[in-house]
Amino acid sequence: MKTRESGMPEEFVWNGFFDPEEVLRTLGLDASSGNVVDFACGYGTFAIAAARMVPGTVHAIDIDPEMIAATRRKANAAGLTNVTTWLRDLIADGSGLGTGGAGFAMLFNILHAERPHALLEEAHRVLLPGGTLAILHWKHDPTTPRGPSLEIRPRPEQCLAWAEETGFRLLDPGIVVLPPYHYGMTLERTPVDSDVEGRPRVLPKATSAREPRRLAPEFGTQR
Ligand SMILES: C[S@@+](CC[C@H](N)C(=O)[O-])C[C@H]1O[C@@H](n2cnc3c(N)ncnc32)[C@H](O)[C@@H]1O
């Protein structure tokens, strides 16, 4: 089922909200990122930009046939052979991708979903240990020109808490502002095992070399 309030405006309007390459660079994507998964790719705004930046495969997944067609069209027009599109209900059926095959996953403008943990857990599953999760969402600010209603729009601290519960750790530089309307963060998939109920359990901190930076104080009050 389509996530609540996940409809899109016309593509030219959506494109006006981001500089996709700059966003991806800021959130840690580079040529060494490996295979990429764009969860709920929409028009492929970020999947297409990512495909220009990495030699790996970019898996672009969405429930909406129009979004998948738009992404496919753009990849073909740009001659990008490393974009694979998947028409799929991520919440009901997962991504369908293999476990641990991706180096970089994106959850952009989608964590207001009814079940954000389902998306985070699937991102965790497809990522290699030490792989990167990038999160981006609309600022919690009533003046943004789009974005889900404030009642369901997660603040950055909320996204971070959900991600930590799922087995991710915040990396430098912490939560960042992505002007004009978004915030973002980059996290590391920590090595995990499962508890008795099969839920991911984070292993001791010593298993990872990189140290996360905690939330900058100014984000504690961000609206
Ligand atoms: C607000 S758009 C964000 C698109 C893209 N991530 C971006 O930031 O440009 C949300 C997208 O989620 C997709 N979506 C909603 N529910 C979904 C589901 N259950 N499985 C896969 N995609 C879904 C919608 O079709 C839409 O393209």
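Author: We will go through the features by topic, starting with how the model should be read. This is a predicted model, in which local features need pLDDT of at least 70, side-chain atom pairs count only at pLDDT 80 or more, and totals for chains, interfaces and linings use all residues. Residues are numbered from 1 along each chain as its sequence is written.

Reader: How many helices and strands does the protein chain have?

Author: The protein chain has 7 helices and 10 strands. Helices (H or I, at least four residues) and strands (E, at least two) are DSSP runs, numbered from the N terminus.

Reader: What share of the residues of the protein chain count as buried?

Author: A residue is buried if 20 or more other C-beta atoms lie within 10 Å of its own, exposed if 12 or fewer, and partly exposed in between, with C-beta atoms placed from the backbone. Of the 223 residues in the protein chain, 40% count as buried.

Reader: Which way do the residues of a strand point?

Author: In a regular strand the side chains alternate between the two faces of the sheet. Take strand β2, residues 58-62, where 5 of its 5 residues are buried. Val58, Ala60 and Asp62 point one way from β2, while His59 and Ile61 point the other way. Strand β1 can be read likewise: Val36 and Asp38 point one way, Val37 and Phe39 the other, and all are buried.

Reader: In which sense do β1 and β2 pair?

Author: Two strands pair if DSSP finds at least two bridges between them. Strand β1 (residues 36-39) pairs with β2 in the parallel sense, over 4 bridges. Valine 36 stands opposite valine 58 in β2, and phenylalanine 39 is opposite isoleucine 61.

Reader: How do I read two packed helices?

Author: Two packed helices are described by the angle between their axes and the distance between the axes. Axes are lines fitted to C-alpha atoms, for helices over the stretch in contact, and angles run from 0 to 180 degrees between N-to-C directions. Here helix α3 (residues 45-53) packs on helix α4 (residues 65-77) at an angle of about 30°, and their axes are 9 Å apart. That makes α3 roughly parallel to α4. Angles under 35 degrees count as roughly parallel, over 145 as roughly antiparallel, 65 to 115 as roughly perpendicular and the rest as oblique.

Reader: Which residues of α3 and α4 meet?

Author: Two residues are in contact if their C-beta atoms, placed from the backbone, lie within 7 Å. Ala47, Ile48 and Ala51 of α3 meet Thr71, Lys74 and Ala75 of α4. By class, this contact of α3 with α4 has 4 nonpolar, 1 polar and 1 charged residues. Ala, Val, Leu, Ile, Met, Phe, Trp, Tyr, Cys and Pro count as nonpolar, Asp, Glu, Lys and Arg as charged, and the others, Gly among them, as polar. Helix α3 is mostly covered, with 7 of its 9 residues buried.

Reader: At what angle do α6 and α7 pack?

Author: Helix α6 (residues 116-126) and α7 pack at about 50°, with their axes 9 Å apart. That makes α6 oblique to α7. From α6, Pro116, His117, Leu120, Glu121 and His124 make the contact, and from α7, Trp162, Ala163 and Thr166. These residues of the contact of α6 with α7 divide into 4 nonpolar, 3 polar and 1 charged.

Reader: Where is glutamate 11, and what is it in contact with?

Author: Glutamate 11 lies in helix α1, residues 11-15. Leaving aside its neighbours within four places in sequence, glutamate 11 is in contact with Tyr43 and Ala70. Glutamate 11 counts as partly exposed because it has 15 C-beta neighbours inside 10 Å.

Reader: Is alanine 40 buried or exposed?

Author: Alanine 40 counts as buried, with 24 C-beta neighbours inside 10 Å. This residue is placed in the loop between β1 and α3. Alanine 40 has a positive phi of about 60° although it is not a glycine.

Reader: Which peptide bonds are cis?

Author: One of them runs from aspartate 172 to proline 173, with omega near 0°. Proline 173 is found in the loop between β6 (168-170) and β7 (176-178). The peptide bond from proline 179 to proline 180 is also cis, with omega near 5°.
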